[in-house]
Amino acid sequence: MVALNVELGTRSYPIHIGRGLLDNPDILRTAVSGRNVVIISNETVAPLYLNKVRRHLDDLRVGDIILPDGEQYKTLGTLESIFTQLLEGHFDRNTTLIALGGGVVGDIAGFAAASYQRGIKFVQIPTTLLAQVDSSVGGKTGVNHPLGKNMIGAFHQPLAVIIDTETLDTLPDRELNAGLAEVIKYGLLGDAEFFDWLEENIDMLRARDHHSLAYAIKRSCQNKASIVAQDEREQGSRALLNLGHTFGHAIETGLGYGQWLHGEAVACGMLMAARLSGELGWLPTAAIDRIEALLLKAGLPVTPPAELSQQRMRELMAIDKKVIDGQLRLVLLRDIGHALVTDQFDPAALDRVLTPSKAA
Ligand SMILES: NC(=O)c1ccc[n+]([C@@H]2O[C@H](COP(=O)([O-])OP(=O)(O)OC[C@H]3O[C@@H](n4cnc5c(N)ncnc54)[C@H](O)[C@@H]3O)[C@@H](O)[C@H]2O)c1
Ligand SMILES: [Zn+2]
């Protein structure tokens, strides 16, 4: 087992990573605070893992809230139904919420914890690769609005993150690949050595080799924890974690939530960011080719959907959270392992990258 720490002063917390951690009662018991616990999961994950978690808590008062499955339920409506169930169950401010599931469950449960009775404690038990390497760490919580992804939310750090890599055994291949997009992101934005390692080991990862997956998760979490520790509230360097996301969120919103997986949209978005960096003369063609090749080997899409025109993409990108005072800012690449946030780019170059036929 590996334990990392997210260093945030009084809000610091551990990330436990290991195979079979859900069989270890001590880790969960140490993480949970108080005598009331509510596990939030969804209809796919609950039948697989709810009882595994619950059995360690049988001396506490434990409730559960099972959500419908899907990005399209990451809404204020779902949040309200969680609050209703918490209130009907008389769960008070000393309740700990446990998010058991992928990033959708983690983001909603985290936001419920951030806002229920002005804030209660919560623990993340991520069960998708994407949630294990990204969304469960760092305290960003929230829901979507029909006009934009993740537009309503709060920063709220968990008490602990418990990553049982065995849960990946039941994850569909397409979801595993989507998680690899965020893994590749860490290599691209600041860890060139990890990018090299990923090029060497991508087949092992897709074959679900346990050691390779555990290493990729650990290294991703180390990268994320160190960026979050430097810039918890995204005043600066944390924005680099959004590499590919301004493009990706536009694809997700434009096609309707749940059409493309988040990781798929991010993969395509990262290549669009790389292509724009190339158009600006920052990133050599050889590097763009390496990025495209790795994404393809990871089973990820690299061509934006034909139904989203350049104009529609621009409209969608204009409501991104990285727009400040009307100015679109993008995370672009100087090299593999070197990203930067900038609003200094030629709009015509962006248009070329957004034109579906050109990008294909
Ligand atoms: N908060 C953050 O910092 C952050 C970062 C990245 C992404 N996100 C958000 O995360 C979400 C995407 O998360 P995701 O990719 O985990 O999607 P998801 O939560 O929808 O999970 C993907 C699918 O896998 C199923 N599933 C989960 N665990 C399983 C398991 N062990 N076995 C079988 N099936 C399982 C789910 O029920 C779902 O159908 C997006 O909403 C995105 O915006 C948030
Ligand atoms: Zn993401």
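Predicted model: local features only at pLDDT ≥ 70, side-chain atom pairs only at ≥ 80, totals over all residues.

Q: How does the radius of gyration of the protein chain agree with that of a compact globule?

A: One starts from the chain length: for 360 residues, a compact globule would have a radius of gyration near 21 Å. The protein chain has 20 Å, so the two values agree. Along the principal axes, its C-alpha atoms fill a box of roughly 60 × 40 × 35 Å.

Q: What percentage of the residues is buried, and what share of the contacts joins residues 24 or more positions apart?

A: A residue is called buried when its relative accessible area is under 20%. Here, buried residues make up 57% of the 360 residues. Among contacts with a separation of 6 or more, 76% are between residues 24 or more positions apart.

Q: Which residues coordinate the zinc ion (ligand 2)?

A: To read a metal site, one looks for donor atoms around the ion. Glu 182 (OE), His 245 (NE2) and His 262 (NE2) coordinate the zinc ion (ligand 2), at 1.9 to 2.2 Å. Their spacing in sequence is E-x62-H-x16-H. His 245 belongs to helix H9 (residues 245-255) and His 262 to helix H10 (residues 262-279), so the pair ties together parts that are 17 residues apart in sequence.

Q: Are His 245 and His 262 buried or exposed?

A: Both His 245 and His 262 are buried.

Q: Which residues other than glycine have a positive phi?

A: The general idea is that most residues other than glycine have a negative phi. In this structure, His 90 has a positive phi of about 55 degrees, and Glu 234 has a positive phi near 55 degrees.

Q: Where are these two residues found, and how exposed is each?

A: His 90 is in the loop between helix H3 (76-88) and strand S5 (95-101). Its relative accessibility is 66%, so His 90 counts as exposed. Glu 234 is in the loop between helix H8 (210-230) and H9. At 22% relative accessibility, Glu 234 counts as partly exposed.

How values were computed. Residues numbered from 1 in each chain as written. Chains lettered and ligands numbered in written order. Heavy atoms only, no water. Donors = N, O, S within 2.8 Å, 3.2 Å for Na, K, Ca; no water. Helix = DSSP H or I, 4+ residues; strand = E, 2+ residues; numbered from the N terminus. Buried < 20%, exposed > 50% of the residue type's maximum accessible area, 1.4 Å probe, protein only. Rg over C-alpha atoms; globule rule 2.2 N^0.38 Å. Contact = heavy atoms within 4.5 Å.
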